[in-house]
Amino acid sequence: MFMGFVSLTLAITYWASKRTVSAADFYSAGGGISAGQNGLAIAGDYMSAASFLGISGLVYTSGYDGLIYSVGWLVGWPVVTFLIAEQLRNLGKFTFADVASFRLGQTRIRILAACGSLVTVAFYLIAQMVGAGKLIQLLFGLDYWMAVILVGGLMMIYVTFGGMKATTWVQIIKAVLLLFGATFMAGAVLYKFGFSPEALFAKATEVHPKKLAIMEPGSLISNPLSAISLGLALMFGTAGLPHILMRFFTVKDAQAARKSVFYATGFIGYFYILTFIIGFGAITLVSTDLAFLDAGILEKTKSGIAAIRGGSNMAAIHLADAVGGNLFLGFISAVAFATILAVVSGLALAGASSISHDIYAMVVKGGHANEQDEVRVSKIATLFLGVLAIVLGIIFENQNVAFMVGLAFAIAASCNFPMLVMSIFWKNLTTRGALIGGLLGLASAVVGVILSPAVWEVTLGFAKGSAPIKLDNPALFSMAIAFVSIWLISVLDRSARADTDRDGFDAQFVRSQTGIGAASATSH
Amino acid sequence: MPKAFDAANPPFDRLTPHEAETLRAALDIVYFRPDEPVIDQGSPSQALFVVIKGTIEERDGTDLLALLGPKDSFDSRALLHGKSGHAFVARDEALCYSAPRHTVLDLIQNNPRFAAFFYGDIARKLDEFVRDQDEQRHGSVMRARISELFLHPAAFVDADDTVETAGRKMQEINSNALFVRDGHRTGIITGMNLSKAVVLRRQSIQASVRDLAHFDLVTLRPDDLVSSALVLMTKLNKRRIAIRDDERLVGILEDIDVLGFLAGSAQVIAGRIERAASQDDLAAAARQTAAQVRTLRRQGIDVELIGEIVSDLNQRLLSRLFDLVAPADIRTGGCLMVMGSEGRGEQTARTDQDNGLILSGAVEEVTLNAFRTAFSGALSNFGFPPCPGNVMVSNPAWSKPLSDYVADIRRWLTLPDDTAHLNVAILFDARCVAGNAALLTEAKTTLIEMARGEQAFLAHFARAIDLFTTPIGLFRNLITSGGNGDAIDLKKGGLFPIVHGVRSLALEHGLMETATDKRISRLRDMGVFHAEFARELHQALNFILMLRLDGQLAESAGATGTLVRPSSLSSMERDLLRDAFYVVKRFREFIRHHFNLGVF
């Protein structure tokens, strides 16, 4: 069933990509992708396995607190709309490395930007791999590590042979399928409760071991600092995700970019409401049905919530089975799998492009790389990312995928976002400031992640309570470090380069607000 | 021992006569029933097969890749690598020569040129092909028939007619030679005979032509070979040959026309254009220019060279027409440009009007409109069909002052609408043919400056290469959509991706060249392409252009003139086309990567 749906999904995607190539005339691609299409594509890029499997899983285990992820992610979108989308499209640049080096010194900024992108991509990839690995493990009964290797291998094949074709259409199809599937699932859950959310929540509080606490904040994130930190990461991380930023490149103009974010926000918001219902549906329908529970764990913990087969990430998948039977289970699994594949290919594309273009061509070869070598490097980079994703995916087996994505967002919010937003809006930003500040932000975020309880204790296996940093998400302090150090060092920077950087701002600012002007402040 | 085996069929034409004999001696004839497999997919073959009769299907699994007909040989891979890439199955009853494997391997070992067909990289194969064509050139010209040449009309005067009558007649039929009837003998008289008589021998113009004519006529028939005519002329020191069909004299063949046929008559036409005093004179020259393409091509001249010769003639023609038609202020203050394939100097059998005008300042509307209609109208009369996209001087959007173009360019780049990319492509390929070239240079410089560093614009621009797939599969197989009557679109599949991809790179790097091959060389010099890849790309382009031109000349290429049926190609050409498409595929990958087209 699953294989059938996967083939069907791939076939539809293939058909869609063919559709784009049978255009009637030369050049008809001229107008770019429409705002509506791009909105769906952004939603497709964004509604990853993490959102779908992870959030419904978090709601399943923690109830109301799972929503903090949804809300945080949704709130990130206005940030993108007002601070980033239009400006990025007006500047006409592909990656945020290109934007940041509009007026700043190319080489150094590119190294940093590439590092920021790669670390973000790596964490994001881990989340997808874990999700996919769990899914395959559950469906085919394979060992987890085999499942992860299988998915990683598929991803590399998909990306190297033709996965990069018509990415927009792949994302659009995927978004539509996912929205449809989730709508159906949420509808079916509500149907069981006579379309009364109250009945649903009443039943959920009754069967959940935490009882009424699942309707109150604090069961997942008890510490207010943690909550703020997580919220910051989710809000500002979106604007620093390399594969999302690339999406503004495909539309015709700044207006279309802004519109497409508007549409995307609508789709994504709707989708998060669905995941919330799905999570509660899983509490009521999955945790109470022995077919979905692991008898051994149930014996030990007496809790249906903890005993779910395949871990909390699989709550939505079991729910599909519970409300729609085998057929719908196959459909939802296939959509989830295709989602993962598509997001992963988008990420791999972003990562490989930053390795081949920013690091290899601009830094290693000093801007004189032969394009054909660059193509080769980008292929090798894809393979490298695939292997890396597999290894990390195995290490991080038992993490909730939404939580992992939260870490990726924390890194994006601490390195990519400060650099991007300050280079667009703050005249006094200098190369040195961006470089050192960005590096400090990146380093503190990564160190914060590693020393946090979730990674230090759960993944790396140190004793409980031994984690040096008590915050699960480092964004609060790492973002502060990034912004403050960028500001401080830029202000203190008296080098000749700094003057050039500041002089370039006006041209860049006009360009970013209007789309008119030269494509580079340092045109020779 | 099949003597009928045709050793002139490629690649066997590369064998020495002795080697060909060895091969002949070893040949066998085999018969296949319908649907009988000749070589199974993935298995070795003990022989090289050459189809004598019937059709062999080349299949990959269930996909039909090609139909091999008489003289096609297969399968080098099964022979050399011991593993056939595809299956070969008889479609209907088929007869094939089979050449034993060891014999062919011996030949390959001893004859590098023969071997090159079986091994060898793409570029070398293409080179070999060009060299073969050079060798065939004289052959093909010499095999032409007299009927294909231009003949002066057969006009008669009587032997009793006067010098004056003969002179007037020559004037009247615009020919320099007449037949002279004298009883039952027939002679010939030329303008030179007449003038010598009158000027040198001071004869009266009333004298009869009997004593001036030559009655030792040399005659040939219309289906005799051109080479016979050349031999006779040289041997007998004659400048004219009478052409006789049965008993009737049908025309006079002059040596100048034979030479023109051999060498092309570009010089003659160029002279005619320069001397043209009216549009009628130009119309004649335009027709001759169009005929040149066929003449030059049948001599086996490389398409690139034909392109150069013919676009030079067209440029002279347009320039002369511009001088004749344009009023003084447009002539001095305007720049006439050609665009599209004409701008790139890319040869096609039929040239559309693709032209425009840049003015240095405003010109009075009435004058300008009169010029627009007159110029485009004259070109239509010359036989240049109007541009389907209306990119012509007659369209005000393409004949206006420089400042308007500059405003357009700004709009195209900052607020691109549906036609912006097309317009940028058109203007970027423009080449000045008459008037003030500095105007076009300035327009293009503006375009290049505006586009500098515009990643997003350039990517959207380059994206058009993704509109059509290149008809080549994962295993380098040509993809037709099945069945017998399928054709491959050379333009969509090969030409457009190369031309547009190279154009996008050229725009990004600010190149002023317009010809695709020159752009490729410049990009190579700038280090954008590896030298090897630049050569392959260039040769792929040339090969596809040549196939297109041949298709157009044979009028078999459908309405667009760019369709080619794989079954109409020789298997060697098919191989080269496969290789060319493979290069295109790699080039598209290159462009996709360079402009980040993966995100679209």
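Tutor: Two residues are in contact if their C-beta atoms, placed from the backbone, lie within 7 Å. The model under discussion is predicted.

Student: How many residues does the contact take from chain A and from chain B?

Tutor: The contact draws on both chains, and each side is counted separately. From chain B it takes 35 residues, and from chain A it takes 37 residues.

Student: Which element gives the largest share of the side of chain A that touches chain B?

Tutor: Three elements of chain A give two or more residues to that side: α8 (167–192), α14 (315–364) and α15 (371–395). By class, the residues of this side of chain A divide into 16 polar, 14 nonpolar and seven charged. The largest share is five residues, and the element that gives it is α15(A).

Student: Why is chain A described as being as compact as a globular protein of its length?

Tutor: Chain A has 21 helices and zero strands. For 524 residues the globule rule gives 24 Å, and chain A comes close to this, so it is as compact as a globular protein of that length; its radius of gyration is 23 Å.

Student: What percentage of the residues of chain A count as buried?

Tutor: The C-alpha trace of chain A spans about 70 × 60 × 40 Å along its principal axes. Among its contacts between residues at least 6 apart in sequence, 82% join residues at least 24 apart. A residue is buried if 20 or more other C-beta atoms lie within 10 Å of its own. Of the 524 residues of chain A, the share that counts as buried is 61%.

Student: How far apart are the C-alpha centres of domain 2 and domain 4 of chain B?

Tutor: Chain B has 23 helices and 21 strands, and buried residues make up 42% of its 600 residues. The chain is divided into four parts: domain 1 (12–119), domain 2 (146–262), domain 3 (264–287 + 300–409 + 430–435) and domain 4 (461–599). Between domain 2 of chain B and domain 4 of chain B, the C-alpha centres lie apart by 51 Å.

Student: Which residues of β17(B) point the other way from Asn355(B), Leu357(B) and Leu359(B)?

Tutor: Strand β17 of chain B covers residues 355–359, and five of its five residues are buried. In a regular strand the side chains alternate between the two faces of the sheet. Asn355(B), Leu357(B) and Leu359(B) point one way, and the residues that point the other way are Gly356(B) and Ile358(B).

Student: Which residue of β14(B) is the bridge partner of Thr219(B)?

Tutor: β13(B) pairs with strand β14 (residues 240–245) of chain B in the parallel sense, over two bridges. In β14(B), the bridge partner of Thr219(B) is Ala242(B).

Student: Is Ala459(B) buried or exposed?

Tutor: Ala459(B) has its place in helix α19 (residues 455–462) of chain B. Beyond its neighbours within four places in sequence, Ala459(B) is in contact with Phe249(A), Phe595(B), Asn596(B) and Leu597(B). The C-alpha atoms of Ala459(B) and Asn596(B) are separated by 6.9 Å, although the two are 137 residues apart along the chain. With 24 other C-beta atoms within 10 Å, Ala459(B) is buried.

Key
Residues numbered from 1 in each chain as written. Chains lettered and ligands numbered in written order. Predicted model: local features only at pLDDT ≥ 70, side-chain atom pairs only at ≥ 80, totals over all residues. Helix = DSSP H or I, 4+ residues; strand = E, 2+ residues; numbered from the N terminus. Nonpolar A, V, L, I, M, F, W, Y, C, P; charged D, E, K, R; others polar. Buried ≥ 20, exposed ≤ 12 C-beta atoms within 10 Å, placed from the backbone. Domains from an automatic or database assignment. Rg over C-alpha atoms; globule rule 2.2 N^0.38 Å. Pairing = 2+ DSSP bridges.
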